[in-house]
Amino acid sequence: MQGFAGKVAVVTGAGSGIGQALAVELARAGAQLAISDVDTEGLAETERRVAALGVRVKADRLDVTEREAFLIYADEVKEHFGKVNQIYNNAGIAYSGDIEITPFKDIERVMDVDFWGVVNGTKAFLPHLIASGDGHVINVSSLFGLLSVPAQGAYNAAKFAVRGFTEALRQEMVVAGHPVKVTTVHPGGIKTAIARNATVAEGLDAAALAEFFDRRLASTTAEEAARVILAGVRKNRARVLIGNDARALDLLVRITGSGYQWLFSRAIPRLRPR
Ligand SMILES: NC(=O)c1ccc[n+]([C@@H]2O[C@H](COP(=O)([O-])OP(=O)(O)OC[C@H]3O[C@@H](n4cnc5c(N)ncnc54)[C@H](O)[C@@H]3O)[C@@H](O)[C@H]2O)c1
């Protein structure tokens with residue numbers, strides 16, 4: 001992978017799944033890494049794998065919802081490496097439950113991590129990315145940032161918000177003439193721990209939903225997802241879709257407009273576990 005050697009890249013949620021695979025792929029490509037997560041065990045494993053590839057790595061416990069800590073962390077990373085080129089705002093959580101039965105606090109928690117975590121990371125690092133003269137913001141949305149489905153209202157809201165925020169930022173960097181590229185990532189089903197780490201509304205069977213996700217929906221490996229993301233970053237793509245599922249459903253939405261909602265509201269209840 002060309003174009004990453006000597007760059008300083010920041011990856012949040014790097015203790016598992018896509019974030020861990022991104023860190024390893026970036027290290028293979030010669031980037032120096034600042035990795036973080038709330039899961040310090042997973043993060044230590046990522047640190048070990050990245051360090052084994054012979055690149056400089058700084059690993060820290062960071063909760064992306066803690067804005068003040070994120071701002072301090074951004075300055076520390078700049079201080080440590082002397083510059084920052086890329087941030088992958090990847091940390092995220094999943095939640096299942098119809099809006100009717102989902103408590104406000106659960107919607108807020110998903111927004112806090114999946115949306116505000118991305119806002120915190122973007123704003124904390126933007127001055128450093130601009131100063132680097134060669135910056136890139138990579139924000140991880142989802143296929144569910146392109147279309148909505150029943151029982152994903154909170155997650156859909158957060159991931160649509162990430163998309164809106166990131167697409168505006170890309171244009172703003174052009175208007176301002178800042179040397180910062182911006183990419184939104186929309187993965188389809190990726191084989192990670194996301195569903196096993198997810199919470200659900202009362203009455204739903206978390207284990208059955210996780211099993212359904214792992215067996216039926218997760219089709220792309222985290223390693224492949226990381227490679228697709230880095231290929232998109234290298235080409236400065238505005239939007240990166242990952243997996244045949246993401247590409248096919250994106251096309252469906254573009255063809256049917258709002259009509260996909262009619263289709264999904266009839267098909268999805270028959271497909272998913274109760
Ligand atoms: N797996 C998929 O199918 C899929 C699909 C679309 C989008 N995504 C998105 O990809 C990103 C990565 O997810 P993944 O599939 O690798 O899941 P994962 O659960 O394997 O990894 C997510 C990581 O984020 C960390 N994290 C959670 N909350 C955090 C917080 N407050 N602060 C810091 N770290 C936190 C977790 O500890 C975990 O290590 C997420 O934003 C997710 O929404 C995943």
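**Notebook: sheet, helix packing and ligand shell**

I began at a residue pair: His-136 stands opposite Lys-181 in E7. Strands here are DSSP runs of E with at least two residues, helices are runs of H or I with at least four, and both are numbered from the N terminus. My note on the model: it is predicted, so local features need pLDDT of at least 70 and side-chain atom pairs count only at pLDDT 80 or more, while totals for chains, interfaces and linings use all residues. Residues are numbered from 1 along each chain as its sequence is written.

**Entry 1, the sheet.** I looked up the strands around that spot. Strand E6 (residues 135-140) runs parallel to strand E7 (residues 180-187), and six bridges join the two. Pairing means that DSSP finds at least two bridges between the strands. I then traced the open sheet of seven strands and wrote down its order, E3-E2-E1-E4-E6-E7-E11, with parallel pairing. At the edges I found strand E3 (57-61) and strand E11 (239-242), each pairing on one side only. Neighbouring strands in this sheet are turned by 15° against each other on average, direction ignored.

Next I asked myself which strands helix H8 touches. Helix H8 (residues 244-256) packs on the sheet against E7 and E11, and its direction makes about 120° with that of E11. For such angles, axes are lines fitted to C-alpha atoms (for helices over the stretch in contact), and values run from 0 to 180 degrees between N-to-C directions. Contact means that C-beta atoms, placed from the backbone, lie within 7 Å.

H4 packs with helix H5 (residues 153-176) at an angle of about 20°, their axes 8 Å apart. That makes H4 roughly parallel to H5; the classes are roughly parallel under 35 degrees, roughly antiparallel over 145, roughly perpendicular from 65 to 115, and oblique for the rest. Residues I noted in the contact include Val-110, Met-111 and Phe-115 in H4, and Tyr-155, Val-162 and Phe-165 in H5. By class, this contact has 14 nonpolar, one polar and three charged residues. Nonpolar covers Ala, Val, Leu, Ile, Met, Phe, Trp, Tyr, Cys and Pro, charged covers Asp, Glu, Lys and Arg, and the others, Gly among them, are polar.

I moved to the axes of helix H3 (residues 67-81) and H4, which come within 9 Å and cross at roughly 30°. H3 and H4 are therefore roughly parallel to each other. H3 passes H4 in a right-handed crossing. Among the residues in contact are Phe-70 and Leu-71 of H3, with Ala-124 and Phe-125 of H4. I counted this contact as five nonpolar, three polar and two charged residues.

H1 and helix H7 (residues 222-234) have axes that come within 8 Å and cross at roughly 60°. That makes H1 oblique to H7. Their crossing is right-handed.

How many residues surround the ligand? I found 33, the closest being Gly-13, Ser-16, Gly-17, Gly-92 and Thr-192; a residue qualifies if its C-beta atom, placed from the backbone, lies within 6 Å. Helix H1 (17-28) and helix H4 (104-132) are the elements that give two or more residues to this shell. The shell divides into 14 nonpolar, 15 polar and four charged residues.

Conventions. Two residues are in contact if their C-beta atoms, placed from the backbone, lie within 7 Å. A crossing is left-handed if the near helix is turned anticlockwise from the far one by less than a right angle, and right-handed if clockwise.
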